[in-house]
Amino acid sequence: TGEPFLSYAGEPSITYTWVAGFVEAEYDSRWANLLAGARLEDHSGFGTAFVPRFAATRVFGAFHAKLLASGAYRAPSIENVNYAIEDLKPERTTVYEAEVGWQPSDAVYLAVNVFDLTVKHPIVFSFTGLDAYTNEERTGSRGVEAELQLRHRASTASVSYAFYSASGKNRVPAYAVAGDSKLLAGFAGHKVVATARIRPLRGLVISPTVAWLSERAAFDGTEASGEPAIGRVGQRTYLDLFASWQDVGAKGLEVGLGIRDLLDEGTVYVQPYPGGHAPLPANGR
């Protein structure tokens, strides 16, 4: 109990209790299907939280539409509190989404989703020689996601695109990017992923995956304390290729060969906060 990193505020143990309840109601009409839910939670250490969820959906022949609004709540963890500079508040998240989709046949499906996400009182990690956690005012993002799925007999393919912007949302200095308020440190503003599962011959399956990330901002260890991220990790294109042969010599026996990062771009782990060092390199091809 004399070791502060193995104790909780100087005590050898801590106990929390909480009680939670959930209720949901659904109503289907000729105009829309409506869903409303709520969770009420009482935490002995951080008080009472109420988080609602609402959804409205409708199918119009080959089209569908969704409107979603939801809340979320996260109490600080044991280590968040143990390394807190001051008393911590729970995080509270609000998400609004709208989606439209089109499926003219079993072979084609297209969906587009727009979202707006806000986190109030985010619990933020900082490192200035010692680990520390504090509540900041607000962070979040808004953006769009789209996905196209194709199917032809036993072969399938899909491509997705995601974009976000933190402009007007993020007020956490530890997540900020120098010269670009749209980005959050460590996260690409644009991402494209394409996958396929192709059967050119009976028993042969080829599965390529391509992922493209736009430029990411990174804390590289040269920033002054409290300054936004100034480092940059250039755009990356990752290609993975996997092939398998089924029923080789005996029914049920499969032989596979895979190559990860075929272009040898190299994985880079970019910390989304100022951790005191540059991005960490990982395996290549």
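Which loop holds Asp 87? Select Asp 87: this residue lies in the loop between helix H1 (78-82) and strand S5 (91-105). Helices (H or I, at least four residues) and strands (E, at least two) are DSSP runs, numbered from the N terminus.

The model is predicted, so local features need pLDDT of at least 70, side-chain atom pairs count only at pLDDT 80 or more, and totals for chains, interfaces and linings use all residues. Residues are numbered from 1 along each chain as its sequence is written, and side-chain values use heavy atoms, with hydrogens and water left out.

**Stop 1: the whole chain**

Show the protein chain as a cartoon; 1 helix and 18 strands are there. Its radius of gyration is 24 Å, well over the 19 Å that the globule rule gives for 285 residues, so the chain is more spread out than a compact globule. That radius is taken over C-alpha atoms, and the rule is 2.2 Å times the number of residues to the power 0.38. Along the principal axes, the C-alpha atoms fill a box of roughly 65 × 55 × 45 Å.

Switch to a surface. The protein chain exposes about 17300 Å², of which carbon and sulfur atoms supply 58%; accessible areas come from the Shrake-Rupley method with a 1.4 Å probe, and for residues only the protein chains shown count as cover. Buried residues make up 31% of the 285 residues. Buried means under 20% relative accessible area, exposed over 50%, and partly exposed in between (1.4 Å probe, protein chains only).

**Stop 2: Asp 87 again**

Return to Asp 87, which counts as exposed at 76% relative accessibility.

**Stop 3**

From Ala 157, go to its bridge partner in S11, Ala 196. Strand S10 (residues 155-165) and strand S11 (residues 190-201) run antiparallel and are joined by 8 bridges; two strands pair if DSSP finds at least two bridges between them.

Next, select strand S12 (residues 204-213), which pairs with S11 in the antiparallel sense over 7 bridges. Val 192 has Trp 212 in S12 as its bridge partner. The hairpin of S11 and S12 has 2 residues between the strands, and Gly 203 takes a positive phi near 90 degrees there.

**Stop 4: Tyr 164**

Is Tyr 164 buried or exposed? Select this residue in strand S10; Tyr 164 is buried, with a relative accessible area of 12%. Leaving aside neighbours within four places in sequence, the contacts of Tyr 164 (heavy atoms within 4.5 Å) include Phe 115, Arg 142, Leu 183 and Phe 187. Leu 183 is 19 residues from Tyr 164 along the chain, and their C-alpha atoms are separated by 8.0 Å.

**Stop 5**

Move to strand S2 (residues 33-43) and strand S3 (residues 47-60), which pair in the antiparallel sense over 11 bridges. Leu 34 stands opposite Ala 56 in S3. The hairpin from S2 to S3 passes through 3 residues.

Arg 58 has Ala 65 in S4 as its bridge partner. In the hairpin of S3 and S4, with 2 residues between the strands, Gly 61 takes a positive phi near 65 degrees.
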